[in-house]
Structures are given as structure tokens and as C-alpha cells.
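Here's a quick tour of a protein model, a few pieces at a time. Have a look at it first, then read on.

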Amino acid sequence: MATEAVRRAVQIIRNDNNSISLDVNALQNILLRDEIRNKKICVLSITGTFRQGKSFLLNFFLRYLKLKHGSSPLDPNSDWLDPIHGSHLSDFLWDHGSNAHTNGILMWPEIFTIYKPSSNEEIAVVLLDTQGSYDNQTTVENSATIFALSTMISSVQIYNVMRNLNQNDLESVEMFGQYGRLLTNDDCPFQDLWILVRDWLAPYERPFGIPGGESLLQDRLYGQHDALPDEINEQRNNVRNLFQTINCSLLPFPGERVAADHTFNGDLNEINDNFKRYVKQLVERIFEPENLVIKRFNGEEITANDLFQCFGTYTEILGDGLPHVETRLAATINNQHNDAVESSFELYDRQMHHNFSSILLLNNHHESCKTRALDNYHNTRLLGSSLVYDRYEQRLIRKMDERFSIYRERFDFDRDRQLERERRRNQQVSLQQFRPSQSSSLVSRESLSTETIILQSLRIATGLAAIGFGIYEIIRQSSRDTGNSNTNNSSSTRRYSTDDSDST
Ligand SMILES: Nc1nc2c(ncn2[C@@H]2O[C@H](COP(=O)(O)OP(=O)(O)O)[C@@H](O)[C@H]2O)c(=O)[nH]1
Ligand SMILES: [Mg+2]
């Protein structure tokens, strides 16, 4: 049962109402202490489904650190699990019952140092306990956030599972781990993973401890089988690519007192020896000085002080919230990639709407639009491994090539039409060239007939004018004749009168 001492684990990440916040002061008080702030750091964290003995197990790690690397370390040959050095495990809170007890992320406030002979330096070791995923108060997004954050912050993440390593467990690691990739933009965002199977159910198939774990990993994670669905092979591949190293250990059942008796208060004497034996193997393997995994950031080993900064950076990123997590990770990934493929394809298609004077120009333009569309796709930050990217990249290429064949057909069709037009025009020209007399006679006939009409009209007009003139002459003549006789009369009269006057 939990005791007073358990309250000493410090909550550094709060997870209230599914919102993550960092207790900067609490973290600063632990990581920025003078004696460790400039030391390189190894961060061990444990995560997994709630109520499966995570906090309980951390007490073994803490006991080891206290007794082997504390202020008064045990004789190197002494067994740190021997109850004579204290029989109670009571530091990290664990409890019976079915409800979750750990909220957010807790850090043990004492930081121990382990001397690493090969580099002649003291490495600071920090322990993190995390809120279990899939507890009944947490959303999937929130579990993913805690998993992603604790895994990004740690150099060794223990992923705790019950009885066996199932497809579901790998699916969770895959789903939650993808967020680390998204947040760090790193293809292999995490360092060491230990898959820890509690109450291993088939020791007759695979032995307890690390050898049995390695054999299970070979079967469940490293094996690629043609007979397996692609989805499973891909999932295995994704999980492998998330971590630099993956190990496994199979733990025995700790005994009825631990598992099911609410009066159990952490007495080492009441825990099955077999369980303690394999826990010891695990703890000593992880904390063996030359095995210590130093936390890296952007590939560089970091100090406690750097880790403090990392916490700030990551919680700030997570403050914006994670993208929505679908329960079916594959569906989410596929949707994201589909959308990215569609928008990249549209970009290609928009840029291809041009007229080209030659097939060479069309081909060149297609190639450059294609490159731009592929860049666009790859520059979109998406969930999923390089395998997924490869698959969707092929899809995008296929779509663009298919569309290009339509552009080519259209180009060929337009060009054929153009050629046909030119052919006809040339044909007409050559027809005119090859039948000049006929054509010129046609023309002359045309112009002749016009001339004829004009001439004939002129002739008619001239004829009419002549007739008119003739008639006019006749009339004039006859009127002149009449006039003459009148004139003769008057002149005689006038002459007579003159004569008369003359005579007067
Ligand atoms: N079956 C089983 N129960 C365990 C084991 N280790 C611890 N427990 C019990 O599981 C319950 C939950 O433990 P706790 O450490 O609080 O789980 P957490 O929610 O994963 O941190 C407690 O009753 C523990 O005594 C184990 O290896 N197997
Ligand atoms: Mg717990």
C-alpha cells in the first residue's frame, strides 16, 4: 500500500481536463541543482496501460539506485534486493483497485549518479512515472500526448504490457509514437524501448527474462513474413523505425499477494522470488554503467540543464494540442496522405493548363510540374513512416502520368487538326498553281462579262442618246423652219415700216 514517502514523487506534468501543463518550478528544483545540472543525463520512464504494475515496478529501480548509487552505497557484492537492506517498497505510489492513480508525469526528486568508466564521467539518472494510457478519465489524444511526451523526454522508455505482446500493443506504440515523429520531425524520434511483458503466460514456449523477450521480439516484431498481411508487416516496420533500439523482457507473475491482495504493502518477502530474480536482471542490465543510455537531443548527448529546456520546448509544442487521433491509426494516416496527394495533384494539374508549341516543351513542363507536386507532397507534415510516403508518392506519380497521357492525346489531336488544316490550305494553293489557265479564264470570263455589261450599257446609253439627239434635231429643225417663216414676215413688216418712215 502507499505510504507517506510515496508523496515525494513530484508531479512535473499536470494533465487536468485533458490539458497538459508543465510545473516549471518543480522541474527546475530537480534538474537545475548545481551538483547535476551540467552532468549528462539518462532518463528512464515507464508507460503503458493503467493498473498494470508500472509504479510498483519503478520502486525496484529506485531501490537499486538508492542502495547501489546513493549516499552510502552497499558493498558491490551485496544483493540490493535482499530484505535485510530494508524490506519495503514504498516510494512510488502504487495501489490496489481498478482506478488510475498516477496523473500526468511524475519525477523522482533525487537524482543519482552512476560512474561510467569508459568516458570517465558521472551520469545523472532520473526516473519518470507516467499516467497509464486508456484509463477511464483520459481521451485517446491525451494518452498519446503523455506517451509522446514521456518518450521524447526519456532515453529509455519501458513499455509495460500484460501477459503477452499483442497486435494491439504494437498498434498503440505505433499510433502514439507517430506523434513523436510529427513533433520532432525526426524519422527515428526515440532512443531505447524496453517492452516489458508482465505475468508472461507461456514460459514453456519462451523462457522468462531477457532471452525469452529477445525471442518474442524476433517473432512479433522483427519477423517479416510473406504470409502476413501487408498491414501487419508495415506496422512492425513502423514500430521498429520509431526507436533506435528495442529490447524485451518477460516477467513472471509476482504472486497473489501483489496481484490481488489489498493488504499487500510492498513487503519484499511476500513477492515471488522468480519475479524478483527477473526484475533484478532487468534493472541491472539497464543500469549497468556501460549500458546507460544518455539522453540525446538532435543527435547530441545532453545535460540535466538541457533536459530542462527540452521539457519546456516539448510542452510548449504540446500546448497547441495534438492533431486529432483516430482510434484507427491507419485510417488517419491514409486520409492525411490521400488529402496531400489530392492537393499536390491539383497543383500539378493547374500548372499544366497551357498551350504548347512542341511536344518537347510539353514534356519538359510536365516534368517540372511533377517535381513541384512531389515536393509539395513531401513538404506536408504527415503521420506515417517512409513506407507510407513511398506508397502514396507512387500513387501521386501514377495519377500525374495518367493525366499527362490525356494532355498528350489532346496535344496530338490538336496538332493533327492543325496539320490537317495546313494540308488543306496547301492543297488549295497547289490546285491554283496546277490549273492557272482555267482559273485565269474564269477570272477573265468574270471580268469580261462585267466589261461586256458596261460596254453594252454604254452602247445602249449611246444608242439612246443618239436617238434622243436625233429626235431633238428633228424637233429643232421643224421649229426652226416654222420660226424662219415668222421671222421673214416680221422683217418684211419691219422693212415696210422703215420704208414707211423713210417715206415720211
Ligand atoms: N498481476 C500483476 N499485478 C501487479 C504486478 N505488479 C504490480 N501489480 C499490482 O497491480 C496493481 C496496480 O499497480 P500500479 O503499479 O499502481 O499500476 P499502474 O497503474 O500501472 O502504475 C497493484 O495492485 C499492484 O500490486 C505484476 O507484475 N502483475
Ligand atoms: Mg501508476
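## A helix on the inside

In this predicted model, 14 of the 16 residues of helix H2 are buried (under 20% relative accessible area, with a 1.4 Å probe and protein chains only), so H2 is largely enclosed by the rest of the structure. Helices (H or I, at least four residues) and strands (E, at least two) are DSSP runs, numbered from the N terminus.

H2 covers residues 54–69, and at 1.5 Å a residue it should span 22 Å. That expected span is 1.5 Å times one less than the number of residues. The end C-alpha atoms of H2 are 22 Å apart, which agrees.

Which strands pair with E6 in the antiparallel sense? They include E4 (residues 105–107), over three bridges, and E5 (residues 112–116), over five bridges. Strand E3 (residues 41–48) pairs with E6 in the parallel sense, over six bridges. Pairing takes at least two bridges found by DSSP.

E5 and E6 form a hairpin with four residues between them, and Asn-120 in the turn has a positive phi of about 50°.

## Behind the numbers

Residues are numbered from 1 along each chain as its sequence is written, and chains are lettered from A and ligands numbered from 1 in the order in which they are written. Local features need pLDDT of at least 70, side-chain atom pairs count only at pLDDT 80 or more, and totals for chains, interfaces and linings use all residues, while side-chain values use heavy atoms, leaving out hydrogens and water.

How values were computed
Buried means under 20% relative accessible area, exposed over 50%, partly exposed in between (1.4 Å probe, protein chains only).
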